[in-house]
Amino acid sequence: RSAGQWRALRKWTPQFFKDSYGDRKVPVFERKRSDTIKDMVLLKDYIDEITSANFSNRAKYLFSLKIPKVFPELLPDLEPRPFYWDPNWLDSKYLLPGMPNFKLRNITGLEMNMGGPGSPFPFLHYDDLWTQTFITQVHGRKEWVLYEHDQTPYMYPSDHAENISKIPMERDVDLSTFPLFARAKPLRFIVEEGEMLYGAPGWWHTTRALTPSIAVVLSTANGPIWSEVTKFSFMRALHHPKWYLRPAALPIGAY
């Protein structure tokens, strides 16, 4: 139980967030016809949705809500900080100076995910720019499905984002449309309350909440994976769909 000393384990429940922050607007997502649809809702309404949901009537999914920005006063509830979270070079003030809006500068930071029974993560993916993640299940239970990176040929990466699959995972996969996916070998398991999962760079994954669920996610990068992180960052800039942003690849490559 890696986070066993966190106050969040005893404090962070759906009812706590409804009572304390119910009037905050939060982004929620769902998958419709292979598209991810975003909506903004009051947190109290979303809590009602996840606590009344079931596997036939699934709630939307909330993810990547930045805790330091939205709930900064709750950061002490996530202490002590595990020693293996550091060093995190993504937090460095010297990271790509002069490029504050580049994805690599904004990919880290403690984030919150929420869902209700049956809520699927909106897409099959691996974490952007080859970063690694630490995912802590603070409340409830969640089912995970992972595929090693060498199974990428079976994952049907999107034309617009190489780390996001075209395959809709919220229902049975249509193998007539995605025949290579039949060769994929999943690793399935359940993360219980208080447990922490290490998300290896490049591993494809998606999740499904089994109960009302709250999880905390931190993306990090340092020496062992840094060359891959910078390579992916360079390629992302070089092939940016907006041609006038592609010159940013030069300072990234120099960095």
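**Sheet.** I take strands as DSSP runs of E, at least two residues long, numbered from the N terminus, and two strands as paired if DSSP finds at least two bridges between them.

**Basis.** The model is predicted: local features need pLDDT of at least 70, side-chain atom pairs count only at pLDDT 80 or more, and totals for chains, interfaces and linings use all residues. I number residues from 1 along each chain as its sequence is written, and side-chain values use heavy atoms, with hydrogens and water left out.

**β6 and β7.** I then checked how β6 (residues 142-147) is joined to β7, and found five bridges, with the two strands antiparallel. Val-145 has Arg-188 in β7 as its bridge partner.

Grid points are joined across faces, edges and corners, and a volume is the space filled by probe spheres set on the points. The count came to one cavity of 30 Å³ or more. The largest cavity holds about 60 Å³. Its lining includes Asp-127, Trp-144, Leu-146, Trp-203 and His-205. β5 (132-139), β6 and β8 (196-199) each give two or more residues to that lining. By class I have six nonpolar, three polar and one charged, taking Ala, Val, Leu, Ile, Met, Phe, Trp, Tyr, Cys and Pro as nonpolar, Asp, Glu, Lys and Arg as charged, and the others, Gly among them, as polar.

**Pockets.** A pocket is an open set with protein on both sides within 12 Å along at least five of seven lines. The largest pocket holds about 860 Å³. It is lined by 34 residues, of which Phe-63, Ser-64, Lys-103, Phe-123 and Asp-128 are closest to its centre. I noted that β3 (62-66), β4 (111-115), β5, β6, β9 and β10 (213-220) each supply at least two lining residues. The lining divides into 10 nonpolar, 15 polar and nine charged residues.

The second largest pocket comes to about 500 Å³. Among its 18 lining residues, Arg-236, Ala-237, His-239, His-240 and Pro-241 are closest to the centre.

How values were computed
Helix = DSSP H or I, 4+ residues; strand = E, 2+ residues; numbered from the N terminus. 1 Å grid on protein atoms, 1.4 Å probe; cavity = no way out; pocket = protein on both sides within 12 Å on 5 of 7 lines; lining within 4 Å.
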